[in-house]
Amino acid sequence: MASDQSNNQSVERAISVLRVFLSGRPELRVSDVAKATGLGTSTASRLLATLETLEFVERDELSGLYRLGTAPITLGGVALNQNPVHREARQVAQDLAAALGLGVNVAIRRGDSMFYLLNFEGRLAPRSFVLTGQRKPLYATGIGKCLLLGLSTQERRELLPESSMQPFTPQTLTTHARLDEELAAVLGRGYAREVEELAFGRACVAAPIRDQAREVVAAISISGPLSAMDLAAREAELARTVIETADSISIGLGYVGPVHAFAASPA
């Protein structure tokens with residue numbers, strides 16, 4: 001039993017070291033890792049050395065700084081390839097981004113966040129970074145609103161206390177009264193919209209993806225700068241496109257309809 005506890009603790013410590021690299025800083029000193037994890041410097045150094053031999057981290061010979069290695073990339077690729085939503089949506093999303101010149105994103109819910117499974121950027125919506133693997137708040141995103149359709153009113157309130165619904169811009173929905181009103185509108189029209197709720201200058205339209213059990217398992221969005229999205233002129237066109245694309249992916253996952261009949265979950 002003592003041996004099992006020691007092994008578990010070692011695994012937890014190693015994972016905590018890897019999680020430090022999620023902070024956004026690409027390269028870290030041993031002291032940075034020790035401070036962030038609360039581990040001793042010698043323990044952090046030993047764990048980093050072990051993770052380096054396993055290719056989970058790399059050490060720059062000149063600076064001595066550590067960065068993530070190739071093993072996480074391999075694991076991430078395998079995980080994505082095994083995910084049924086990713087397999088069904090990848091080519092469809094890539095083709096749509098190329099055709100529209102806009103961003104196309106697919107995400108699932110993980111706890112109180114949306115988790116990007118994939119994203120493709122068109123010529124009108126370039127990004128210098130990859131969204132895949134990142135998490136964003138459910139209440140402030142078009143995809144997140146679609147994912148919340150899979151929860152009852154009570155479940156939403158338990159998952160997202162209003163104290164956690166912090167504003168990112170003046171347009172962010174920060175109360176359940178406003179969120180409930182918006183979700184009712186999403187159900188009525190079959191798609192969600194987000195205009196500068198998470199970030200200034202950006203907008204999206206999104207639709208839910210369902211599986212053979214008719215459960216909301218993911219959502220897809222078309223996104224980009226306000227000027228490229230041009231919702232005043234193109235909202236109906238983009239909404240129709242994202243709904244049809246979501247329906248296509250849903251059917252590939254075994255959903256048998258009715259298409260675009262996204263009924264509310266019971267409260």
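Student: What stands opposite Val106 in E8?
Tutor: Ile220 does. Bear in mind that this is a predicted model, where local features need pLDDT of at least 70, side-chain atom pairs count only at pLDDT 80 or more, and totals for chains, interfaces and linings use all residues. Residues are numbered from 1 along each chain as its sequence is written, and side-chain values use heavy atoms, with hydrogens and water left out.

Student: And how many bridges join E3 and E8?
Tutor: Strand E3 (residues 103–110) and strand E8 (residues 216–225) pair over 5 bridges, in the antiparallel sense. Strands pair if DSSP finds at least two bridges between them. The E and H labels are DSSP runs numbered from the N terminus: helices (H or I) have at least four residues, strands (E) at least two.

Student: What's the strand order in the sheet?
Tutor: E5-E4-E3-E8-E7-E6, in an open sheet of 6 strands with antiparallel pairing. Strand E5 (135–137) and strand E6 (192–195) stand at the edges with a single partner strand each, so one side of each has no neighbour in the sheet. On average, neighbouring strands are turned by 30 degrees against each other, direction ignored.

Student: Which helix lies across E6, E7 and E8?
Tutor: H10 does, running at about 25 degrees to strand E7 (202–210). Axes here are lines fitted to C-alpha atoms, for helices over the stretch in contact, and angles run from 0 to 180 degrees between N-to-C directions.

Student: Where does H10 bend?
Tutor: At Glu237, by about 30 degrees; the helix covers residues 231–252. The bend is the angle between axes fitted to the seven residues ending there and the seven starting there. Just after H10, Gly254 takes a positive phi of about 105 degrees.

Student: How do H5 and H10 cross?
Tutor: Their axes come within 9 Å and cross at roughly 160 degrees, with H5 spanning residues 84–100. The two are therefore roughly antiparallel (over 145 degrees; under 35 is roughly parallel, 65 to 115 roughly perpendicular, the rest oblique).

Student: Which residues of H5 meet H10?
Tutor: Glu88, Ala89, Val92, Leu96 and Leu100, and on the H10 side they meet Arg234, Leu238, Thr241, Thr245, Ile249 and Gly252. Contact means heavy atoms within 4.5 Å.

Student: OK, new topic. At what angle do H2 and H3 pack?
Tutor: At about 110 degrees, with the axes of H2 (residues 30–37) and H3 (residues 41–53) 9 Å apart. That makes H2 roughly perpendicular to H3. Val30, Val33 and Ala34 in H2 meet Thr41, Ala44, Ser45 and Leu48 in H3.

Student: Last one: where is Leu198?
Tutor: In the loop between E6 and E7. Leaving aside neighbours within four places in sequence, Leu198 is in contact with Lys136, Pro137, Ala140, Thr141, Phe168 and Thr169. The C-alpha atoms of Leu198 and Pro170 are separated by 9.5 Å, with the two residues 28 apart along the chain.
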